[in-house]
Amino acid sequence: MDTKAFKRSLHSSEQYYRKGFGHSEQATAMLQLEYQSNLIQDIRNNGYTLQQGDVTIHLAQAMGFCWGVERAIALAYETRQQFPFERIWITNEIIHNPLVNQNMQDMEVKFIPVNQQGQKDFSVVTKEDVVILPAFGASFEEMLLLKEKGCKVMDTTCPWVSKVWNNVEKHKKRNYTSIIHGKYKHEETIATSSFAGKYLVILNLQQAEYVCNYILNGGNCEEFLAKFAHAYSPGFNPDNDLASVGIANQTTMLKGETEQVSKLFERTLIRKYGPDQIKDHFLTFNTICDATQERQDAMLKLVEQKLDLIVVVGGFNSSNTTQLQTIATSHGIPSYHIDTAERIGTGNRIEHQKLYSSLEVVENWLQPGRITVGITSGASTPDTVVADVIKKIFEIKTVFFNAN
């Protein structure tokens with residue numbers, strides 16, 4: 001099916017919504033009440049620094065909710081206001097934050113159930129229901145199914161994600177393979193790949209180097225397909241489908257790495273086909289979202305300061321938060337990724353997620369004496385959660401150390 005024509009058809013249907021219903025004032029008030037913090041605003045007004053006792057806090061100058069996240073939450077809230085008695089479903093977490101998703105459930109917005117095979121069971125949805133598409137978007141197959149069911153659809157997909165979809169449509173039109181820099185299991189990448197024709201998802205620069213070496217020198221096709229299992233389109237063949245490629249990305253990946261991936265493919269295809277033929281073999285567009293870039297740039301400035309440690313606050317399944325943690329780790333600064341203040345336990349203990357690993361409990365994570373702590377948060381993290389983390393740090397330094 002022509003996915004571009006389908007989207008036009010869906011967008012023009014009476015069952016489909018992408019804007020609010022006139023409840024914006026109530027939605028704004030809810031956002032302020034639930035997610036904004038006077039403490040965080042005071043720190044921003046004080047040059048992004050707060051000193052209390054022997055603790056100095058430095059906030060990243062760009063952190064927390066982005067416009068796309070605020071928009072998605074507000075639209076979901078307006079949907080419940082507009083349809084107070086209807087059943088409302090959501091296809092995935094609206095964003096990757098446990099507090100926000102719990103609030104969705106408290107508003108009786110239910111997740112589409114998942115069966116024993118790990119697949120979503122849309123049989124629960126009826127024509128009378130409302131279904132919310134989250135900020136990450138939804139796959140073409142899910143959109144088609146919902147349109148056929150005739151239920152109402154509120155689409156909160158971030159416009160930056162939609163921009164990527166438009167670009168893979170351009171790749172498909174020219175019969176190019178979309179090289180998607182992202183995580184193949186991530187909701188956004190699943191959605192993006194569903195609108196592509198031929199595609200290959202690569203996680204990092206190392207995988208890009210493997211693919212580019214295959215383009216130049218060939219290799220074992222079976223080995224290639226095994227290495228990228230579940231990360232390519234049906235029928236993909238690296239011996240035939242890497243002659244012409246377009247670069248796309250999950251919008252929350254590290255900007256610098258996406259740029260490196262793009263330049264590597266461009267150089268490789270120039271070597272393969274010559275500079276005069278590159279336009280017939282390579283396409284690229286900048287589709288890293290502004291908010292992701294701003295938070296990464298702010299993190300790069302934060303790590304330049306003399307910090308004893310960094311706390312990165314955000315959902316454990318939040319890609320943009322993980323990228324911030326990557327920056328901290330690459331600069332050799334002790335860092336702790338937590339999703340809520342409750343991860344900071346009694347005494348001087350923290351439970352955090354190690355980079356690309358599992359949860360780990362660390363005792364005596366805060367040292368006695370003067371310390372300087374950098375704080376940042378992902379684009380889906382409310383300021384209230386960050387404020388609670390800062391309060392916990394102050395509490396440990398004033399209560400635990402004084403008692404010991």
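Q: In E11, which residue is the bridge partner of glycine 246?
A: Strands of a sheet pair through backbone hydrogen bonds, either parallel or antiparallel. Two strands count as paired if DSSP finds at least two bridges between them. Here the partner of glycine 246 in E11 is leucine 283. Three bridges join strand E10 (residues 245-249) to E11, and the two run parallel. Strands (E, at least two residues) and helices (H or I, at least four) are DSSP runs, numbered from the N terminus. This is a predicted model, in which local features need pLDDT of at least 70 and side-chain atom pairs count only at pLDDT 80 or more, while totals for chains, interfaces and linings use all residues. Residues are numbered from 1 along each chain as its sequence is written, and side-chain values use heavy atoms, with hydrogens and water left out.

Q: In what order do the four strands of the open sheet stand?
A: The order is E9-E8-E10-E11, with parallel pairing. Strand E9 (199-202) and strand E11 (282-284) are at the edges with a single partner strand each, so one side of each has no neighbour in the sheet. On average, neighbouring strands of this sheet are turned by 25 degrees against each other, direction ignored.

Q: Which strands does helix H7 touch?
A: Contact means heavy atoms within 4.5 Å. Axes are lines fitted to C-alpha atoms, for helices over the stretch in contact, and angles run from 0 to 180 degrees between N-to-C directions. Helix H7 (residues 159-173) packs on the sheet and touches strand E8 (177-181), E10 and E11, its direction making about 170 degrees with that of E10. Helix H8 (residues 187-195) lies across E8, E9 and E10, at about 170 degrees to E8.

Q: At what angle do H7 and H8 pack?
A: Angles under 35 degrees count as roughly parallel, over 145 as roughly antiparallel, 65 to 115 as roughly perpendicular and the rest as oblique. H7 and H8 pack at about 30 degrees, with their axes 8 Å apart. That makes H7 roughly parallel to H8. The contact is made by Val161, Val164, Trp165, Val168, Glu169 and Lys172 of H7 and Glu188, Ala191, Thr192 and Phe195 of H8. For classes, Ala, Val, Leu, Ile, Met, Phe, Trp, Tyr, Cys and Pro count as nonpolar, Asp, Glu, Lys and Arg as charged, and the others, Gly among them, as polar. The contact of H7 with H8 divides into six nonpolar, one polar and three charged residues.

Q: Is asparagine 167 buried or exposed?
A: Buried means under 20% relative accessible area, exposed over 50%, and partly exposed in between (1.4 Å probe, protein chains only). Asparagine 167, in helix H7, counts as buried because its relative accessibility is 6%. Leaving aside neighbours within four places in sequence, asparagine 167 is in contact with Phe285 and Thr287.

Q: How many residues of strand E3 are buried?
A: Five of the five residues of strand E3 (residues 55-59) are buried. Both faces are covered, with Val55, Ile57 and Leu59 on one side and Thr56 and His58 on the other.

Q: In which sense does E3 pair with strand E2, and in which with strand E16?
A: Strand E2 (residues 49-52) pairs with E3 in the antiparallel sense over four bridges, and threonine 49 stands opposite histidine 58 in E3. The hairpin of E2 and E3 has two residues between the strands, and glycine 53 takes a positive phi near 60 degrees there. With strand E16 (residues 371-377), E3 pairs in the parallel sense over five bridges; leucine 59 stands opposite isoleucine 375 in E16.
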